[in-house]
Amino acid sequence: MSIDIDDDESSDILVRFPAAVRFIDSGLHPYGAAHEAKTGGDDTTATSTSSPKSGVYVHCAMGKSRSVSCVVAYLLYKYPHRFGGKQFIESPASTQRRRITAGEAVSSALQCVREARPGAEPNPGFMRQLELWWEMGCPADDDGVVERHPIYQKWLYDGMLQEARDMRMAPDAGQIRFEDEVRAREKEQDDETVTRTNGKEVRCKKCRRTLATPGFLLSHTPTGQAANSGCAHIFVDTLSWMRTALEDGALDGRLVCPNSKCSATVGRFAWQGLQCTCKQWVVPAFSLNRSRVDEVSSQPVGSSAIRMPPGRNGSL
Ligand SMILES: [Zn+2]
Ligand SMILES: [Zn+2]
């Protein structure tokens, strides 16, 4: 198997992992998983059921970045439990249990490779892609499975935005990703139970039109809130009601209330980012001006306290 790719931070190696890990696996376990299952094999006995002639040689020019990335991707895929997969660990800093982060999983898999090859060091772009690979659960059922994954699509989109920023340009109108539409499509596809986020929803001060429900508020403060008491901005995802303003192609501009009878200025956007009054930069920035909106506690579904006008469910 040959993968034609440059050792460049911006090269997309992620999309090649499914084919690469399946190839490595078929080289190491030529009798297949079925045989290993029959002989009672699991991960620990897999080595003993492999034929002495089985093996796979993974190489690139230096044996440092590209080949190591493929081997690390394989380890994460094949032995997720060794790197904390689907397990919780005790956090030393608190009594709260937390999941292993993707960064921790990737660096401990890399550590394994370094035991045999001390110079192993994927470039930073590949390290980031390995983390995404872990976050999406190392899917390898077919060659296109990464390409279809929402995490991958978001990563590609962020890369495109970065390129546009570097050229000091707004992204092309047709390429803008409206997060509420994306999430609605994802929900249709995987039929997952809708997780409703509790918290404040943001409404236009003048007409009370809902501008952002809690799931679309972005945290930008060290404590993970959408805004602290001193912040003049509430940052939100790119939402479909901003379409007219954003598809105009400007680098920055005003955001107006989507209620055509209101059209009050409620905030602004800046593809190059904005600095909040708390000094934190948010890039790109879709900001609702705190003095132009109301933050209203949104009630969980089924709460008797919720009273919505007929024909409105209060969500975007
Ligand atoms: Zn309004
Ligand atoms: Zn702030």
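User: Angles under 35 degrees count as roughly parallel, over 145 as roughly antiparallel, 65 to 115 as roughly perpendicular and the rest as oblique. Which of these terms describes α5 and α6 relative to each other?

Analyst: In this predicted model, the axes of helix α5 (residues 102-116) and helix α6 (residues 124-135) come within 9 Å and cross at roughly 115°. With 65 to 115 degrees as the range for the perpendicular class, α5 and α6 are therefore to be described as roughly perpendicular.

User: How many nonpolar residues does the contact of α5 with α6 have?

Analyst: α5 passes α6 in a right-handed crossing, and the residues that meet there are Ala102, Gly103, Ala105, Val106 and Leu110 in α5 and Met127, Leu130, Glu131, Trp134 and Glu135 in α6. Sorted by class, this contact has 2 charged residues and 1 polar residue, while the number of nonpolar residues is 7.

User: What is the handedness of the crossing in which α4 passes α5?

Analyst: The axes of α4 and α5 come within 9 Å and cross at roughly 115°, which makes α4 roughly perpendicular to α5. As for the sense in which α4 passes α5, the crossing is right-handed.

User: Which residues of α5 make the contact with α4, and how many charged residues does that contact have?

Analyst: From α4, the contact is made by Val68, Val71, Val72, Leu75 and Leu76. From α5, it is made by Ala105, Val106, Ala109, Leu110, Cys112 and Val113. By class, the contact of α4 with α5 has 11 nonpolar residues and no polar ones, and the number of charged residues is likewise none.

User: Is the ring pair of tyrosine 74 and tyrosine 77 stacked, edge-to-face or tilted?

Analyst: Tyrosine 74 and tyrosine 77 both lie in helix α4 (residues 66-78), 3 residues apart, which is about one turn of the helix. A search of the whole structure finds 4 aromatic pairs, and for the rings of tyrosine 74 and tyrosine 77 the centres are 6.2 Å apart and the planes are at 45°. Planes under 30 degrees apart count as stacked and those over 60 as edge-to-face, so the pair formed by these two tyrosines is tilted.

User: Which strands are the edge strands of the open sheet formed by 3 strands?

Analyst: The order of this open sheet is β4-β3-β11, with antiparallel pairing, and the twist averages 45° from one strand to the next. Strand β3 (residues 199-204) pairs with strand β11 (residues 293-298) over 6 bridges, and β3 also pairs with strand β4 (residues 210-212) over 2 bridges. The strands that pair on one side only, and are thus named as the edges, are β4 and β11.

User: Which residue takes a positive phi in the hairpin of β3 and β4?

Analyst: On the β4 side, valine 202 has alanine 212 as its bridge partner. The hairpin has 5 residues between the strands, and the residue whose phi is positive, near 70°, is arginine 208.

User: In β10, what is the bridge partner of phenylalanine 269?

Analyst: In the open sheet of 4 strands, the order is β5-β10-β7-β6 and the pairing is antiparallel, with β5 (233-235) and β6 (252-256) as the edge strands. Strand β7 (residues 265-270) and strand β10 (residues 285-289) pair over 4 bridges. Within β10, the bridge partner of phenylalanine 269 is phenylalanine 286.

Terms used
Residues are numbered from 1 along each chain as its sequence is written. Chains are lettered from A and ligands numbered from 1 in the order in which they are written. This is a predicted model: local features need pLDDT of at least 70, side-chain atom pairs count only at pLDDT 80 or more; totals for chains, interfaces and linings use all residues. Side-chain values use heavy atoms; hydrogens and water are left out. Two strands pair if DSSP finds at least two bridges between them. Axes are lines fitted to C-alpha atoms, for helices over the stretch in contact, and angles run from 0 to 180 degrees between N-to-C directions. A crossing is left-handed if the near helix is turned anticlockwise from the far one by less than a right angle, and right-handed if clockwise. Contact means heavy atoms within 4.5 Å. Ala, Val, Leu, Ile, Met, Phe, Trp, Tyr, Cys and Pro count as nonpolar, Asp, Glu, Lys and Arg as charged, and the others, Gly among them, as polar. Rings of Phe, Tyr and Trp (its six-membered ring) pair if their centres lie within 6.5 Å; planes under 30 degrees apart count as stacked, over 60 as edge-to-face and the rest as tilted.
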